[in-house]
Amino acid sequence: MHEMPLIYVGGIPIDLSAVLMLVISSVIVFALVMLSVRNLSVENPSKLQNFMEWVVEFVQGLISSAMDLKKGKPYISLGLTLILFIFVSNLLGLPFSFITEAHEPVHIFGHVIEATKNLTHGEHVEILWYKSPTADINVTAGLAIVVFVLMNYLGIKLNGKHYFKHYIEPFPIFLPLNIIENLAKPVALAIRLFANIFAGEVLITVILKLGIFSIPFLAVWQGFSIFVGALQAFIFTILTMVYIAQMTIHEEEAH
């Protein structure tokens with residue numbers, strides 16, 4: 001069983017591997033976008049520019065399926081960021097993992113890694129540094145909370161009294177159920193994304209135990225994991241747009 005490089009700063013637990021992988025995901029997405037727009041051309045676009053244009057059109061299609069594209073245009077950048085970041089994050093743990101073995105307490109930035117704190121002579125612990133960030137429930141919960149706060153903020157700002165009125169529809173007795181439904185949205189977003197990516201990486205670990213016989217199974221599963229990673233990025237993004245549409249667009253406006 002691999003341990004996480006967990007440290008405590010001011011009593012707050014911080015998983016250094018999650019922080020590291022989030023930085024790597026962000027850098028990859030940023031570099032991908034910057035390279036795709038470096039030499040923009042209408043007559044002779046590069047393959048990367050064509051790819052990014054396709055992604056933008058795909059996100060526009062997602063938004064238009066949830067709301068009128070005229071109302072959804074402000075959310076194109078949000079949808080593009082979510083789908084690219086989550087897709088890249090889902091795939092980072094597929095090619096390989098990076099594990100170190102500690103035989104004594106390890107200090108990082110003046111803080112000791114929790115799993116190595118009580119190591120004695122002859123003991124060791126394996127620390128996992130490289131993984132898909134979305135295989136960590138804290139990361140997916142963070143993404144879901146951002147979406148939850150954003151959709152409710154936009155609902156209050158853009159939909160006014162109708163936002164609060166929908167909590168007592170169709171009858172006031174439904175207030176508790178409507179509140180629970182709203183609170184369940186980020187929970188479902190976080191758990192769905194985490195469970196699918198974490199399960200995929202656990203299965204890769206199991207397959208690798210087959211030794212040389214794992215090669216064909218690993219190739220098949222990694223190919224399937226790319227599909228799952230893309231699917232989960234799609235689901236998270238489309239549900240985000242649906243939730244925003246539900247909160248910001250009054251039903252009478254939608255018809």
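Student: Over residues 224-245, how far apart are the end C-alpha atoms?

Tutor: This is a predicted model. Residues 224-245 are 100% helix and 0% strand. The UniProt annotation "transmembrane region", from an unreviewed entry, includes this stretch. Its end C-alpha atoms are separated by 31 Å.

Student: What is the distance between the end C-alpha atoms over residues 137-156?

Tutor: The unreviewed UniProt entry lists residues 137-156 among its "transmembrane region" stretches. The chain there is 100% helix, with 0% strand. From end to end, the C-alpha atoms are 28 Å apart.

Student: Which residue does Asp 15 meet in a salt bridge?

Tutor: Asp 15 lies in strand 2 (residues 12-15). Its partner sits in the loop between strand 6 (125-130) and helix 5 (137-159), so the pair ties together parts that are 116 residues apart in sequence. The N to O distance is 3.3 Å, and the partner is Lys 131.

Student: Is Lys 131 buried or exposed?

Tutor: Buried means under 20% relative accessible area. Lys 131 has a value of 6%, so Lys 131 is buried.

Student: Which other residue forms a salt bridge with Lys 131?

Tutor: The closest N and O atoms of this pair are 3.5 Å apart.

Methods: Residues are numbered from 1 along each chain as its sequence is written. This is a predicted model: local features need pLDDT of at least 70, side-chain atom pairs count only at pLDDT 80 or more; totals for chains, interfaces and linings use all residues. Side-chain values use heavy atoms; hydrogens and water are left out. UniProt positions are given in the numbering used here, feature names are shortened, and annotations may be inferred rather than shown by experiment. Helices (H or I, at least four residues) and strands (E, at least two) are DSSP runs, numbered from the N terminus. A salt bridge is a side-chain nitrogen of Lys or Arg within 4 Å of a carboxyl oxygen of Asp or Glu. Buried means under 20% relative accessible area, exposed over 50%, partly exposed in between (1.4 Å probe, protein chains only).
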